[in-house]
Structures are given as C-alpha cells and as structure tokens.
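Subject: Structure handover

Hello,

Here is the structure for you to look at. My notes on what turned up follow below it.

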Amino acid sequence: MGIAAQAKRGGLVEQLAGASRAMILTNAEIERFEDRHFGIFQLWDGFFGRAPRPTTGQVRDLVALGLVGAGMSDAEAD
C-alpha cells in the first residue's frame, strides 16, 4: 500500500462500496454523533457487550461521520 492510500494519523482506510476510503473521527464528528444519539464511549461499550448494542442506523451514522472527517462532503457520505 502506497503512502497516498493510508489514512491520516488517527484514521483508517477500509473498503466501502468497492473503493478504498479513509475514515477519521474528529472531535466535531464525535460531537455530531453524540448530539444525535448518545455518548461515544457508550457506543464503544456496546460493541464489546458492556452496554446495549448499537443499531444499524447508529453504525451507519458513525461510518458516514468518519468519511466526513476524512474530507468527504456530508451528502456524499450519506
């Protein structure tokens, strides 16, 4: 993998819809998630069985916000 295919520090690159996409959750995106759903740490606990499991809508929103944090527009990410 070349350097251009890597996410910025703190992010990750995953295959989504047949393309390699960078995802980064900045503080702004985390706050947007928390405003709509609940605390990011409660979501994290839900992934590991220590809180209610996240819904598919919450996971979708989290992925979309990760795409926005990496530079994609809101409309494209949705």
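First, a definition: a residue is buried under 20% relative accessible area, exposed over 50%, and partly exposed in between (1.4 Å probe, protein chains only). Val59 is partly exposed, because its relative accessible area is 31%.

This is a predicted model, so to read the notes: local features need pLDDT of at least 70, side-chain atom pairs count only at pLDDT 80 or more, and totals for chains, interfaces and linings use all residues. Residues are numbered from 1 along each chain as its sequence is written, and side-chain values use heavy atoms, with hydrogens and water left out.

Overall picture

The protein chain has four helices and two strands. These are DSSP runs numbered from the N terminus: helices are H or I with at least four residues, strands are E with at least two. In sequence order the pattern is β-β-α-α-α-α. The C-alpha trace spans about 40 × 25 × 25 Å along its principal axes. Of the 78 residues, 24% are buried.

Helix H3

H3 has 14 residues. Its first and last C-alpha atoms are 20 Å apart, close to the 20 Å expected at 1.5 Å a residue (1.5 Å times one less than the number of residues). Its buried residues are Gln58, Asp61, Leu62, Ala64, Leu65, Gly66, Leu67 and Val68. They pack against strand E1 (12-16), strand E2 (19-23), H1, H2 and helix H4 (74-77).

Val59 sits in helix H3. Together with Trp44, Phe47, Phe48 and Val63, Val59 forms a nonpolar surface patch of about 470 Å² accessible area. Helix H2 (40-47) and helix H3 (56-69) each give two or more residues to the patch. Patch residues have over 30% relative accessible area and no salt bridge, and nonpolar side chains are joined within 5 Å. A salt bridge is a side-chain nitrogen of Lys or Arg within 4 Å of a carboxyl oxygen of Asp or Glu. Areas come from the Shrake-Rupley method with a 1.4 Å probe.

Glu34

Glu34 lies in helix H1 (residues 27-36). Glu34 counts as partly exposed, because its relative accessibility is 32%. Leaving aside neighbours within four places in sequence, Glu34 contacts Gly39 and Ile40 (contact: heavy atoms within 4.5 Å). A polar atom of the Glu34 side chain lies 3.1 Å from the backbone nitrogen of Ile40.

Best wishes

Definitions and conventions:
Polar contact = N/O pair within 3.5 Å; in protein donor to acceptor, adjacent residues only side chain to side chain. Patch = residues over 30% accessible without salt bridge, like charges linked within 9 Å, V, L, I, M, F, W, Y side chains within 5 Å.
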